[in-house]
Amino acid sequence: MLKINNLHVSLEDEDKEILKGVDLTVDAGTVHAIMGPNGSGKSTLSYVLSGKEGYNVTDGSVELNGDNIMDLEPEERAALGLFLAFQYPIEIPGVGNMTFLRTALNAQRKARGEDEISATDFLRLVREKAATLKIDSDMLKRPVNVGFSGGEKKRNEILQMAMLEPKICILDETDSGLDVDAMKLVANGVNALRNEGRGFLVITHYQRLLDHIKPDVVHIMADGKIIKSGGPELALEVENNGYSDLLDEAS
Amino acid sequence: MELSKHNNDAELEIKKSTVLNSGWSAKARIDAFERLAKSGLPTVRDEYWKYTNPKTLTNKIVEKASLLPEHESDIFKSVSPLKIVFVDGKFSPEKSDEFILSGLSIERLDTIKKLDLHWAKELYGRYEKLGQLSVSRPLAAYNTAYANEGLIIHVTDRVECPINIIYEHEDEYSDVILHHVIKIDSNAELTLLESGAAAARLNQVLEVEVNEDAKFNHIRVLGRDHERRAATHIFGELSRGSTLKSFTLTVNGILTRNECFLNIAGDDAMAHISGACVGDGDFHHDDTVFVTHDAVGSESRQVFKKVLRNGATGVFQGKILVKPDAQKTDGYQISQSLLLDEDSQFLAKPELEIYADDVACSHGSTSGAIDEDALFYLTSRGISKPVAIDMLTMAFLAEAVDEIDNYNLKDVILELLSGWLERRR
């Protein structure tokens, strides 16, 4: 489904290489976790995949279901089914959460040549999905993420994911800033979306999120490369021993 | 001199002989003429015109203003207003409703100006003159001296049906002066809607007296005609417990100067002036506002938002003056611009002048670009970049549009705005 091949990326503003040849394939129906120390390039990978400006892809390729997506705009990637749950969701004063959700959903449907969703169908859908994430109508009416707590912001990300039904979901440190209860709520939201047609790339610092969202494969990223891949036990190893052993091993 | 005929730089003539010297308004007109003769017409050398060159407003020759393929006359039809239509400054009885509305009387300056006596004698030119005490406003004095047309409205009750003055522009070289006078009695209320571009060049004055506990709601939409030029003035006086709210939407316009001078003369009165504008290319829009607090416990708000692109220019000159006895004044002023490219510019001169010691006044002015993080967030959800920019633009303007209390009217404005933005994508 998502195929990253020898991806090299540097910052546009300075001549600094962040990703130094990432190889990674996420198949439909699987959950891949990426762990790694600060500054290893995890967040950069998520931004580059979703099309944020400010990066130069100097080598390699990324395919989503066979389409090369690196030359596409963020909205085109979204329409192909790529979704990034932000580490720090952006507050947008003046844009209502509902308007935002409906505009996004209809834009994607339109881009795929589908009909727009009717106002009533939309309302029913959003209420249903919001309820399972304990998002009340007040949160839906407020401007996007404005005045939301850290937990509310992350739940709002999962709500968007549930509404847009992407094919590949990238979760960038979705556990950061969450208490245990909020993390369970978010994890349940994610697990509810797991199915055989959808792939997940879960970026996290800590093993604890992976207790709730069970990964199939765990990758360790350091200095812009994946240095080790393995099963869920790799996450436990990191939890117990930290990264230093793995880093030493790699060098 | 024969030469002046061919001189493109010649100014409007200021001659006493052409001032109407009979009827109830003669004294005010001659008075205004004297002020004008003393100050002369404005030039870019005047401090008050530093950011806006008034040359095309004061030139004898009117610059051509191309016409829109069709009028946008029915902008406010959803609120079923009483319609009064002026075409290039001339009243159109065919297009207008009859001036029959319970709770007010409407007359035209043109039909009553020759009368010897009229109640408007007390008001015509009075607040314009008051507005000249702080800064000279020669175009307004010119207007008072030479205006032949306008509406003279006396509101005696709460009038629910809004009045919509619709301006249509059919002559590429029309040069129009309009002078409206509105008196709102105690406890009475009026909603005035203005829409359309009045002329190739418009000089308009609106004088409004809001008496005790009365309310004046004013919403205007300056039409899409791009090449028109306009200098408008609102002069208002607020008595105890009264409210004045004025909102202006501007899209397009090669030159617009909207001045507003309000004198809060009664305790506990409230004045809100706001504006939203979207400008492109050789757009130039100037909001010049002066609010004087001369009473206890009064509140004023100035909220102006401008979206500028492709080299457009926005100007804001706003002042709050709090006189020594105006304790408990609450004054707020914000002017912001959203610059969609590096060629556009926003020139702001916010001022506070406070002589009372127990007041809360704040002002702020900012210029900024589209928030790239917000833009990426929206596009990452599948929203195309132009739509996302429009959403952020609307969000930016929302604070100004939110100044409109009436939901129906707010919807009209929001729909107009989104339609305009969509057409420009």
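**View 1. Chain B as a whole.** Chain B has nine helices and 19 strands, where helices (H or I, at least four residues) and strands (E, at least two) are DSSP runs numbered from the N terminus. This is a predicted model, so local features need pLDDT of at least 70 and side-chain atom pairs count only at pLDDT 80 or more, while totals for chains, interfaces and linings use all residues. Residues are numbered from 1 along each chain as its sequence is written, chains are lettered from A and ligands numbered from 1 in the order in which they are written, and side-chain values use heavy atoms, leaving out hydrogens and water. The C-alpha trace of chain B spans about 70 × 55 × 45 Å along its principal axes.

View 2. Take the contacts (heavy atoms within 4.5 Å) between chain B residues at least 6 apart in sequence: 84% of them join residues at least 24 apart.

View 3. A:F86 and B:F376 form a tilted aromatic pair, 5.6 Å centre to centre with 50° between the planes. Rings of Phe, Tyr and Trp (its six-membered ring) pair if their centres lie within 6.5 Å; planes under 30 degrees apart count as stacked, over 60 as edge-to-face and the rest as tilted. On the chain A side, A:F86 sits in the loop between β6 (82-85) and β7 (92-96), and its partner B:F376 belongs to helix α7 (residues 372-379) of chain B. A:F86 counts as buried because its relative accessibility is 2%, and B:F376 is buried too, at 6%.

**View 4. An edge-to-face pair within chain B.** The rings of B:F86 and B:F91 have centres 6.0 Å apart and planes at 65°, so this pair is edge-to-face. B:F86 is buried, with a relative accessible area of 0%.

**View 5. A cluster of rings.** Ring pairs tie A:Y47, A:F86, A:F100, B:F376 and B:Y377 together into a cluster. Over all chains, the count of aromatic pairs comes to 13.

**View 6. Charges over rings.** Look for A:K52 over the face of A:Y47, 4.5 Å from the ring centre. B:R257 lies over the face of B:W49, at 3.7 Å from the ring centre. A charge sits over a ring if NZ of Lys or CZ of Arg is within 6 Å of the ring centre and within 35 degrees of the ring normal.

Key. Buried < 20%, exposed > 50% of the residue type's maximum accessible area, 1.4 Å probe, protein only.
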